[in-house]
Amino acid sequence: MTQWTDFQAKLSEYFHSGQQISFWWREDDVSYDCANLRIVLDVLSKYNVPVLCGAIPKLLTLDMILTLKQYTNVSVCQHGLFHQNNYTQGHKCEFDTNESLGQLLIGRDFLRTTFASQFINVYIPPWNNISKSFKDFLLANGYCAVSAWNYSPDRKRPYNFDVDLIDWSKSESFEDESFVIRQILQCFERNDFHIGIVNHHRTISKKGVKFIEKLLAEFSKYPNISWFLPF
Ligand SMILES: [Zn+2]
């Protein structure tokens, strides 16, 4: 069931059964202006796909800010502060203690002032790593949501993503469309029809962009498929 034609058949089946399906898009590691990001945003814009850009406050350049402001389909939220690993043991992580709240809020408020109505008060932890206690602390201290990934179907949260375009265990670049299709089909199989997709424009590759366009063009054929941010 990982072939493209099988995937198309599944989408057609849901169209005929009237099953509503929604997707949302997260674009991580937004910092300096680069051609790759503009290419991806142009494709998303062409298909009217709203996108949540996780911006790294201390690495964000003026060029990038001006670029993001040109896209009406772009919302911006906070992705760490410097996106640096502060932990030498265990998973990579930037912040995970309550004492770091002050630093994070400086970054958050910079983004809020800079992007005004484009800003969404969501925190994306670098590498998606955050402890439950720190996550709860952020939610109790002004953040509306923390967006990481749905590592377990039993712990599905609508603001966590489900599908990664890149198989990081194999490569830092897009390799194989069946890897993506398989993840979407797995969501369908467990009756999950609100699906978050994450992309990293920096390493997506031309092949990856081509697949994004193919995927969005396919989805656009179906009126039962919609796009909206869950925040
Ligand atoms: Zn990141």
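This is a predicted model: local features need pLDDT of at least 70, side-chain atom pairs count only at pLDDT 80 or more; totals for chains, interfaces and linings use all residues.

Me: What makes the radius of gyration agree with that of a compact globule?
Reply: For 231 residues, a compact globule would have a radius of gyration near 17 Å, and the protein has 17 Å, so the two agree. The C-alpha trace spans about 50 × 40 × 30 Å along its principal axes. The protein contains seven helices and eight strands, and 31% of its 231 residues count as buried. Among contacts with a separation of 6 or more, 71% join residues 24 or more positions apart.

Me: Why is histidine 83 called buried?
Reply: A residue is buried if 20 or more other C-beta atoms lie within 10 Å of its own. Histidine 83 has 20 such atoms within 10 Å, and therefore counts as buried. Histidine 83 lies in the loop between β3 (74-78) and α4 (101-115). Its phi is positive, about 55°, although it is not a glycine.

Me: Why does asparagine 48 count as exposed?
Reply: The cut-off for an exposed residue is 12 or fewer C-beta neighbours. Asparagine 48 has 12 inside 10 Å, so it counts as exposed. Asparagine 48 is found in the loop between α2 (35-46) and β2 (51-55), and its phi, near 55°, is a positive value in a residue other than glycine.

Me: How do you know that strand β1 is largely enclosed by the rest of the structure?
Reply: Strand β1 comprises residues 21-30, and eight of its ten residues are buried; it is therefore largely enclosed.

Me: What makes β1 a paired strand, and which strands are its partners?
Reply: Two strands pair if there are at least two bridges between them. Between β1 and β7 (residues 194-199) there are six bridges, in the parallel sense; tryptophan 24 has glycine 196 as its bridge partner in β7. Four bridges join β1 to β2, again parallel, and glutamate 27 has cysteine 53 as its partner in β2. Strand β8 (residues 225-227) is joined to β1 by three bridges and runs parallel to it, with tryptophan 227 as the bridge partner of phenylalanine 23.

Me: Which residues touch the most other members of the largest nonpolar core?
Reply: The core has 45 residues, of which Trp25, Val51, Cys53, Ala55, Val76 and Ile197 touch the most other members. Leaving aside neighbours within four places in sequence, isoleucine 197 is in contact with Phe23, Trp25, Phe161, Val163 and Leu165. In soluble globular proteins, nonpolar side chains tend to be buried together.

Me: What span does helix α7 reach, and what span is expected?
Reply: Helix α7 (residues 205-219) has 15 residues and reaches 21 Å from its first C-alpha to its last, close to the 21 Å expected at 1.5 Å a residue.

Me: How do you know that the buried residues of α7 are on the same side?
Reply: The buried residues of α7 are Gly208, Ile212 and Leu215. They cover an arc of only 70° around the axis, which puts them on the same side of α7. These buried residues pack against α2. The face turned away from the buried side carries the exposed residues Lys206, Lys207, Lys214 and Ala217.

Technical notes:
Residues are numbered from 1 along each chain as its sequence is written. Helices (H or I, at least four residues) and strands (E, at least two) are DSSP runs, numbered from the N terminus. The radius of gyration is taken over C-alpha atoms; the globule rule is 2.2 Å times the number of residues to the power 0.38. Two residues are in contact if their C-beta atoms, placed from the backbone, lie within 7 Å. The expected span of a helix is 1.5 Å times one less than its number of residues. The arc is that of the directions from the helix axis to the C-beta atoms. A nonpolar core is a set of buried Ala, Val, Leu, Ile, Met, Phe, Trp, Tyr and Cys residues joined through C-beta atoms within 7 Å.
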